[in-house]
Amino acid sequence: MKSFLVIGAGKFGHFVCQGLNAAGCDVMIVDEDESKLSDMLSYVSSAKIGDCTRKSVLMTFGVEDFDAAIVCIPEDFQDSLQTVDLLKELGAQYVVAVASTEVQAKFLRKNGADEIIFPDRDIAKRLAVSISNDSVFDFINLSDEYAIYEISAPKRWLKRSIIEINVQKNYKVNIVVVKSPKGTMAMPDAKYVFNERDHLMVLGRKGDIEKLI
């Protein structure tokens, strides 16, 4: 079981804790405002009151023992920056921080953040991709170059198998999941035959996937 330290009990912090709890993870939430913690007790292992911009407070949590620390305080960038810096100083294994702009992300990385999340930007991109094309149902950005799209099976693929189409060679993408009325199949066999109601999780370069759809 993985363990996570979540700092900041705002809206984003709430959703992060709920998601981690649903995934079976051990979660500690920390915020200096006690009133924000009361409705989170059912889906976290522990809730602490404290100002995480103070080194003495962070030291009591054993930050080095968590698989990752997630700093969810985008409303106060100075506090976020200071918290990230202290977490790395105290030996945190992996630090994720929330940013609103590229400038904030730049400073957070300089202070030791291992990963930056842009919640508003990422949600807007996913919405734009899915709503602009009827064959796209979801979008996960992996990097500037790669992504995973959930798409309907292209009509020209129907009643044909993965190996027959030679998907990887001809389209330069990988089918990582097939969702069909019969169930979900990860890493489908090359002999799998596509059907009209299939949803495909396709991994590849964004340009190649966009050509496909």
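Me: What's the strand order in the open sheet of 6 strands?
Reply: The order is S3-S2-S1-S4-S5-S6, and the pairing is parallel. Strands here are DSSP runs of E with at least two residues, helices are runs of H or I with at least four, and both are numbered from the N terminus. Two strands pair if DSSP finds at least two bridges between them.

Me: Before we go on, where do these numbers come from?
Reply: This is a predicted model, where local features need pLDDT of at least 70 and side-chain atom pairs count only at pLDDT 80 or more, while totals for chains, interfaces and linings use all residues. Residues are numbered from 1 along each chain as its sequence is written, and side-chain values use heavy atoms, with hydrogens and water left out.

Me: How many bridges join S2 to S3?
Reply: There are 4, with S2 covering residues 26-31 and running parallel to S3. Ile29 stands opposite Ala47 in S3.

Me: And which strands does H1 touch?
Reply: Helix H1 (residues 11-22) packs on the sheet and touches strand S1 (3-7), S2, strand S4 (68-71), strand S5 (95-98) and S6. Contact means heavy atoms within 4.5 Å. The direction of H1 makes about 170 degrees with that of S1. For such angles, axes are lines fitted to C-alpha atoms, for helices over the stretch in contact, and the angles run from 0 to 180 degrees between N-to-C directions.

Me: Switching to H3: which of its residues are buried?
Reply: Ser80, Leu81, Thr83, Val84, Leu86 and Leu87. Buried means under 20% relative accessible area, exposed over 50%, and partly exposed in between (1.4 Å probe, protein chains only). Those buried residues of H3 pack against S1, helix H2 (55-58), S4, S5 and H4.

Me: What span should H3 have, at 1.5 Å a residue?
Reply: The 13 residues of H3 should span 18 Å, and the end C-alpha atoms are 18 Å apart, which agrees. The expected span is 1.5 Å times one less than the number of residues. After H3 comes Gly91, with a positive phi near 95 degrees.

Me: OK, salt bridges. How many in the whole structure?
Reply: A search finds 5, taking a salt bridge as a side-chain nitrogen of Lys or Arg within 4 Å of a carboxyl oxygen of Asp or Glu. One of them joins Lys88 and Asp114 at 3.0 Å, N to O. This pair links distant parts of the chain, 26 residues apart: Lys88 is in helix H3 (residues 77-89), and Asp114 is in the loop between helix H4 (102-110) and S6.

Me: What about Glu150, buried or exposed?
Reply: Glu150 counts as buried, at 9% relative accessibility. Glu150 forms a salt bridge with Lys179, and their closest N and O atoms are 3.4 Å apart. Lys179 is partly exposed at 33%.

Me: Last one: which residues is Lys159 in contact with, leaving aside neighbours within four places in sequence?
Reply: Val193, Phe194 and Asn195. The C-alpha atoms of Lys159 and Asn195 are separated by 6.0 Å, although the two residues are 36 residues apart along the chain. Lys159 is in the loop between S8 and helix H6 (162-165), and Lys159 is exposed, with a relative accessible area of 63%.
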